[in-house]
Amino acid sequence: MAKTAIAYKEKMKEMSVLSLLCSCLYPETRKNLVGEFQVAGMEVKPINKRASGQAFEVILKPPSPVSDAAHCVTSPPKREVSLEDIQKKLEAAEDRRRSQEAQVLRALAEKRDHERDVVMKAMEENSNFSKMAEEKLTMKMEQIKENRQAYLASIMERLQEKERHAQVVRRNKELREELTA
């Protein structure tokens, strides 16, 4: 069975697939096709034309003894594995494992440093924000205090002015009473 498959593969390599397809697709070449023909150890017979297209029957001839020798594949000779080779391979594997572990640890350390930097930056921004908010609040409170003092001063000024005016009015009234009495 294996020999038949090998022979089939060999024959298919030898046969021009393009010429077979061309004979199916182009009518000029189909007219030239007369009966059976042989291609390098393969017999091709046309079957009655079908509605779906052209059909062929491919008959393989038995493989020749020369082709068996050509396809006999032998595995490469195994070299002997020594204890030193095994130890070298184990050491190399151990080195790769250590290297990979070191790389993972380095990546984790970088990630941890990045996280620490992010947290520090967030804390710094938070403290800056709270300082700015506190300064704004202090300035606002001072402004409110100054505005209140100015308002109270203006009210006191008006009150004193009214009091002076009331004294002038009283003195004028007394003078009028003295003159009329």
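In the predicted model, Arg-98 is partly exposed, with a relative accessible area of 47%, where buried means under 20% relative accessible area, exposed means over 50% and partly exposed lies in between (1.4 Å probe, protein chains only). The side chain of Arg-98 meets that of Asp-95 in a salt bridge with an N to O distance of 3.3 Å, a salt bridge being a side-chain nitrogen of Lys or Arg within 4 Å of a carboxyl oxygen of Asp or Glu. Because Arg-98 and Asp-95 stand three residues apart in helix H5, about one helical turn separates them. Asp-95, at 45% relative accessibility, also counts as partly exposed. Side chains of opposite charge can pair when their charged atoms come close.

The model is a prediction in which local features need pLDDT of at least 70 and side-chain atom pairs count only at pLDDT 80 or more, while totals for chains, interfaces and linings use all residues. Residues are numbered from 1 along each chain as its sequence is written, and side-chain values use heavy atoms, with hydrogens and water left out.

Salt bridges link Glu-94, Asp-95, Arg-97, Arg-98 and Glu-101 into a network. A search of the whole structure finds seven salt bridges, one of which is formed by Glu-157 and Arg-164, with the closest N and O atoms 4.0 Å apart. Glu-157 is partly exposed, with a relative accessible area of 42%, and Arg-164 falls in the partly exposed class at 44%.

Helix H5 covers residues 83-180 and includes Leu-90, which counts as exposed at 56% relative accessibility. Together with Val-81 and Ile-86, Leu-90 makes a nonpolar surface patch of about 280 Å². Patches are made of residues with over 30% relative accessible area and no salt bridge, like charges being joined within 9 Å and nonpolar side chains (Val, Leu, Ile, Met, Phe, Trp, Tyr) within 5 Å. For residues 83-110, an unreviewed UniProt entry lists a "coiled-coil region"; such annotations may be inferred rather than shown by experiment. In the model, this span is 100% helix and 0% strand, and its end C-alpha atoms lie 40 Å apart.

Over the protein as a whole, five helices and three strands are present, and their order along the sequence follows the pattern α-α-α-β-β-β-α-α; helices (H or I, at least four residues) and strands (E, at least two) are DSSP runs numbered from the N terminus. Within strand S2, which spans residues 42-50, Ile-47 is partly exposed with a relative accessible area of 32%. When residues up to four places away in sequence are not counted, Ile-47 touches Ala-55, Phe-56 and Glu-57, contact meaning heavy atoms within 4.5 Å. Ile-47 and Glu-57 are 10 residues apart in sequence, and their C-alpha atoms are 6.6 Å apart in space.

Of the 181 residues of the protein, 6% count as buried. The protein exposes about 16600 Å², of which carbon and sulfur atoms supply 58%, with accessible areas taken from the Shrake-Rupley method with a 1.4 Å probe. Among contacts with a separation of 6 or more, 35% are accounted for by residues 24 or more positions apart.
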